[in-house]
There are 2 protein chains.
Amino acid sequence: DIAGATALLHWDQETYMPVKGIIHRSRQLATLSTIYHQKLTDKKIKKLLEEAAPKTIEDKALVREFKRGYDKATKLPDRLISEMVEATSVGLEAWKQARAEKKFSLFQKPLERILKLKLEETELVGYKESPYDALLDDYEPDLTAKKVTAIFEPLRAEIVASLPKILKNQKTPAKKYLTGQHFPLDKAKKATETILAKMGYDFEAGRQDLSTHPFTTNFGIKDVRVTNRFDPQNFQSSIYSAVHEGGHGLYEMGISEKLMNTFLAGGTSLGIHESQSRMWENLIGRSLPFWQYWTPYLQGIFHSQLVGATPEKLFKEVNLVKPDFIRVEADEVTYNLHIILRFEIERDLMEGKFLVSDLPEVWNIKFKNMFGLDVPNDSLGVLQDIHWSQGSIGYFPTYTLGNLYSAQFFRQMPNMNNHIASGNFEPILLWLRKNI
Amino acid sequence: DIAGATALLHWDQETYMPVKGIIHRSRQLATLSTIYHQKLTDKKIKKLLEEAAPKTIEDKALVREFKRGYDKATKLPDRLISEMVEATSVGLEAWKQARAEKKFSLFQKPLERILKLKLEETELVGYKESPYDALLDDYEPDLTAKKVTAIFEPLRAEIVASLPKILKNQKTPAKKYLTGQHFPLDKAKKATETILAKMGYDFEAGRQDLSTHPFTTNFGIKDVRVTNRFDPQNFQSSIYSAVHEGGHGLYEMGISEKLMNTFLAGGTSLGIHESQSRMWENLIGRSLPFWQYWTPYLQGIFHSQLVGATPEKLFKEVNLVKPDFIRVEADEVTYNLHIILRFEIERDLMEGKFLVSDLPEVWNIKFKNMFGLDVPNDSLGVLQDIHWSQGSIGYFPTYTLGNLYSAQFFRQMPNMNNHIASGNFEPILLWLRKNI
């Protein structure tokens, strides 16, 4: 219940909160986080966990996961929790301003403070090899920097080898439909909600609101909300944000009612969570059958913008590969390079191989290396992502893990192309709910 | 902070929460209310209050009000608090359904449970004469049924004597502008927000959203939100809801930053709170100068709807007196009769003079007596107000007390008519912030 209220405080901060409300919101978040931590580390819990004799598979998993959460939480003092909440609250505002002004220097000190607290956290939690391992474990249990490196290295080599061939063989389309034309907000929002509903997203247990950065949150399995942004010149981005966040949302909505309000609600891991969002976004949403179904519907709403568009043309348009600066706008091929870059930087930062003040330089050199491009300013480089300002270090690898999981899952699914082409998304959802 | 988070949970429930989310929301509210109560009644608080040696006027008031809250809270067990939260959560949903189906019987059992808990509360809190006194005190400190009766009886006599004369002398206007014509939602919403901003309502520290019943809430003095409803056929109602809730909002926004996050923020009493909302609504908002200023602005937005409208015509239209069933739509004259009716019923119900099951009959007889009208169904009678479903018994008198306070305050204010007619609302706000 406290976690649900906390999530609502966050959701409101990103959607509707008036700007001056931040002064209260930071305190409210710090207070609720501290109470949550106190409740979780209550001495009674230890005794209850010791006495627990779970029999069913659910109960066993519940005790195991509760114990994992309890063990970690008891290692962290209340003081660290509330300091982190305050540091990330300051960090978020500093990051916003720094990004707006394209000046990393405005974010440096707040990030240094966050990093210091995260390092303290890793020492308290403990790790075998790299302090980064203690953080990875928050998002993907038992994952280590070593394991990630072993997965990412060959992937990187493969992408770097394939990219020039793809770019060489790729034809630039004569006309782009989904970007560079005006799509009015109200119609664009309604269209994305029609797509979400068709995917199986339940609008009686959720809603789509506007925020600067799309995200999914929930206050329980019957209240799972997504957000989106609507740049009138980039409808493509809004479609794929809706489908991506919808994938997260469907995963949460599909959690068994038996697990409601327990530690087992919320998904197996962030990587598995991302496998759902990235599968809907890329393997379903960027497929030709997807556009075979949705092109006529969208043409019914956006007559003038989509004159002459065909499923084939839109399919090619949304799959164009183009190395560029921004991760969230990246194509499927270069996306993983963005992640690998962030992983290496996070890991090395946590291992003390360079300082926060070195970040822009490290970023820009690595980016040039991987993408062959010069980063023109910090907002198109090291400042583009919200994650570090929120203390989310170790999160990035889950995106690529999600991609890799999703490719394997999708390969196991019976041929879905006919269903997708006829707008019959139910068998997909049923398969996912049964197997994932 | 916990109270602020709780208020956000309530706000979201009334504005954006998807329907199935109620299952989580009830639990979240119960949990946070219980934690709030536990913190307030912590043994350390008693010691701190005993040791407190306040010197400044603010500190003395703070200790006094904290002690008042502490003394009351310690008399109520945690169990009663969480039972009440659950009972009112069920009560709200039952009331909504009963009102939709016009059947009091659907609300009877949940209301009986709430009443039982409220009676238990009055016995634990204690009172001298009437159990109703223990509840009045929550909204208007030290108020008693006896005092209210002494104020309301002569008021009632005066209104009942004046009403026929008013009705006899009043001319029905040839045409109504603000009701019975279509005012589109988006323009109507924008117009009310322009009015709110002109009153001095700070949209960087607040916002207006849609809800079934207009209300004001806050999560601190820098985040004070109002809601409104927009029936396209009743723009008048939306204007006066905005001005009314705006009055509440301005009062909260005007609280000194020194008092932020203390027991002294939130206004002196509900009656004084209502004096602010009712003054803005009736004494300012229903004045001729108000319409002299706003008529041209509104005609600029609503051309066809307001052709031929003049400040004088609109002034008369919004001041029409007409005895009718619904309190929140009532004119200034009959409004207090609605309150007196509810006061008598609440008081007698708490004193055991009749049962919950008698409520519709008692209501309808009293209404016929005071208004000369037969109540056609429960939704136009005993089911119209949300208050009892929320356990708010003893709240209603504060509306009429607010009217009486506001008339006295307004009489003390230097002549404001010129300011209002020229759209200069700042002197009003300055006077109120200095004196109230």
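How much area is buried between chain B and chain A, and what share of it do carbon and sulfur atoms give? The buried area, meaning the accessible area (1.4 Å probe) that two parts lose on being put together, summed over both, is about 3,200 Å², and carbon and sulfur atoms give 59% of it. Asp1(B), Lys20(B) and His24(B) supply 19% of the area that chain B buries against chain A, more than any other three residues.

This is a predicted model, in which local features need pLDDT of at least 70 and side-chain atom pairs count only at pLDDT 80 or more, while totals for chains, interfaces and linings use all residues. Residues are numbered from 1 along each chain as its sequence is written, chains are lettered from A in the order in which they are written, and side-chain values use heavy atoms, with hydrogens and water left out.

Contact (heavy atoms within 4.5 Å) involves 38 residues from chain B and 38 residues from chain A. Across this interface there are 8 salt bridges, each a side-chain nitrogen of Lys or Arg within 4 Å of a carboxyl oxygen of Asp or Glu. Asp223(A) forms a salt bridge with Arg25(B), with 3.8 Å between the closest N and O atoms.

On chain B, helix 1 (2-15) and helix 2 (22-40) each supply at least two residues of the side that touches chain A. Helices here are DSSP runs (H or I, at least four residues), numbered from the N terminus. The largest share of that side, 10 residues, comes from helix 2 of chain B.

Within chain A, the axes of helix 11 (residues 270-284) and helix 16 (residues 397-412) come within 7 Å and cross at roughly 65°. These axes are lines fitted to C-alpha atoms over the stretch in contact, with angles running from 0 to 180 degrees between N-to-C directions.
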